[in-house]
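Subject: A structure for you to look at

Hello,

Here is the structure I promised you, with the sequence alongside. Please open it first, and then read my notes below with the model on your screen.

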Amino acid sequence: MAARRGASASAALAVAVVAALLGASAAAGEASAPPLVAPGLSFDCYKQSCPNVEAIVRDFLKGAISQDVGLAAGLLRLHFHDCFVQGCDASILLDSTPAMPSERQAPPNWTLRPAAFKAINDIRHRLDRECRGGAVVSCADVLALAARDSVVERGGRSYMVPLGRRDSANPAPLGQVNADLPGPDSNVDTMLRVLGRVSGGALDATDLVALSGGHTIGVGHCTSFEKRLFPGTDATMDAGFAAQLRKTCPATGIVDRTAALDFVTPVDFDNKYYVNLVNRKGLLTSDQVLFTDGRTRPVVARFAKSQRAFSNQFAASMLKMGQLKVLTGSQGQVRRNCFAPNPASSTGLLLSVAAEAESLVF
Ligand code: HEM
């Protein structure tokens, strides 16, 4: 009883902290409606089964990101590619089966970092060893925590991650993956349409600008921005910046070279990405259009001026993105192996055998 009272007190405290966090964002002049904690998620769902879950994920990533700084970008992008397609259900991790191809076969997922998948698996093994009852923390929750801790590890502000997501048993069809992840040549119209659709209207233009700030770390392959360099320089790109990029990507069709998404501070989670956009030095078309389009330009300008305004809004927008179409309660499953659905349970098997036997009775 005391434990339950303690749990609900800490949940209430957590909600108050989130409210304070969003209050800070409102005070900084950000317009988005406050996101709620999705029904079925909470801040203490692993209190009994895995009380150290957050520390275990954080400690693992501290070590892993110090060995490979690009892992932080890989993990942040992985969570985004999970959440936008069919919700934050770890469907991005599922391997192909004879029945369904993996979401990773769709072009937008071709350059996700193998190291990020490995890190999720390593974290899960560590959790399985240390939590009561083995595989209790969902793969979708591991993805959400790993994205947050990657941001923090590279100097971004922390935010609270509600937990209790469940994992899906199926990947999304490839057509859906292609439709729900905007490409590098997208304009603001396309991106707002996709954001609105995948979030049921919860993500707006301010969220688009803030979440695109994820591009303050990580890289893009030449093929993602070559159209801006060849046959001539994109009119919205600084000429000197284009000349620099042509040294890395001297022709079209180069698949194995990359440039930093934020060339000023490529591994720091800061607001220089927006300063670059103001200076016409965004890498992707989908980045630079945020400054050329009147609907998003004022938000870019504000974040370029204020690191604080950016980091508060990024936290609030990640809180929303991280709860898109979550499976909770008895929906979905907690996958024992993050890369494959659980085998049909013995109870399920017995029931289907019984149903089949019944159908044979005339
Ligand atoms: C909404 C519009 C978005 C578009 C069009 C977009 C597009 C892209 C593209 C084309 C790349 C480079 C892929 C490559 O060439 O290998 C990339 C990388 C990246 N994106 Fe996005 N993205 C978007 C939103 C986001 C969001 C919401 C986040 C996270 C909050 C994010 C985080 C990242 C990160 C961290 C990388 C670097 C990955 C690495 O270095 O491995 N992106 N994105």
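Leaving out neighbours within four places in sequence, Val-136 is in contact with Tyr-46, Ser-49, Cys-50, Cys-131 and Val-334, where contact means heavy atoms within 4.5 Å. Val-136 sits in the loop between H4 and helix H5 (139–153). Helices (H or I, at least four residues) and strands (E, at least two) are DSSP runs, numbered from the N terminus. Val-136 and Arg-336 are 200 residues apart in sequence, yet their C-alpha atoms are 8.3 Å apart in space.

Before you go further, please note that this is a predicted model, in which local features need pLDDT of at least 70 and side-chain atom pairs count only at pLDDT 80 or more, while totals for chains, interfaces and linings use all residues. Residues are numbered from 1 along each chain as its sequence is written, and side-chain values use heavy atoms, with hydrogens and water left out.

The overall picture

The protein has 15 helices and 2 strands. Of its 362 residues, 47% are buried; buried means under 20% relative accessible area, exposed means over 50%, and partly exposed is in between (1.4 Å probe, protein chains only). Among the contacts with a separation of 6 or more, 76% are between residues 24 or more positions apart.

Phe-339 lies in the loop between helix H14 (307–321) and helix H15 (346–359), and it counts as buried because its relative accessibility is 16%. From Phe-339 to Ala-90 there are 249 residues in sequence, but 8.9 Å in space, C-alpha to C-alpha. Not counting residues up to four places away in sequence, Phe-339 touches Leu-93, Leu-94, Asp-95, Phe-117 and Asn-121.

Two packed helices

Two packed helices are described by the angle between their axes and the distance between the axes. Helix H7 (residues 188–199) and helix H8 (residues 205–212) pack at an angle of about 100 degrees, and their axes are 10 Å apart. The axes are lines fitted to C-alpha atoms, for helices over the stretch in contact, and angles run from 0 to 180 degrees between N-to-C directions. H7 and H8 are therefore roughly perpendicular to each other (angles under 35 degrees count as roughly parallel, over 145 as roughly antiparallel, 65 to 115 as roughly perpendicular and the rest as oblique).

Which residues in H7 and H8 meet? On the H7 side they are Val-188, Met-191, Leu-192 and Leu-195, and on the H8 side Ala-205, Asp-207 and Leu-208. By class, this contact of H7 with H8 has 6 nonpolar, no polar and 1 charged residues. Here Ala, Val, Leu, Ile, Met, Phe, Trp, Tyr, Cys and Pro count as nonpolar, Asp, Glu, Lys and Arg as charged, and the others, Gly among them, as polar.

With 5% relative accessibility, Met-191 counts as buried. Not counting residues up to four places away in sequence, Met-191 touches Pro-182, Ser-186, Leu-208, Ser-286, Val-289 and Leu-290.

Around the ligand

How many residues surround the ligand? There are 24, and the closest are Thr-111, Arg-113, His-215, His-221 and Ser-224; a residue is near a molecule or strand if one of its heavy atoms lies within 4 Å of it. An N or O atom in the side chain of Thr-111 is 2.8 Å from an oxygen atom of the ligand. For Arg-113, a polar side-chain atom lies 2.6 Å from a ligand oxygen atom. His-215 has a polar side-chain atom 2.9 Å from a nitrogen atom of the ligand.

A loop and some backbone details

Ser-91 lies in the loop between helix H3 (70–84) and helix H4 (114–130). At 0% relative accessibility, Ser-91 counts as buried. Its side chain makes a polar contact with the side chain of Asp-89 (2.8 Å). A polar contact is a pair of N or O atoms within 3.5 Å; within protein, one must be able to donate a hydrogen and the other to accept it, and residues adjacent in sequence count only if both atoms are side-chain atoms.

Most residues other than glycine have a negative phi, and most peptide bonds are trans. Gln-86, in the loop between H3 and H4, has a positive phi near 70 degrees. A cis peptide bond joins Phe-230 and Pro-231, with omega about 0 degrees.

Enjoy exploring!
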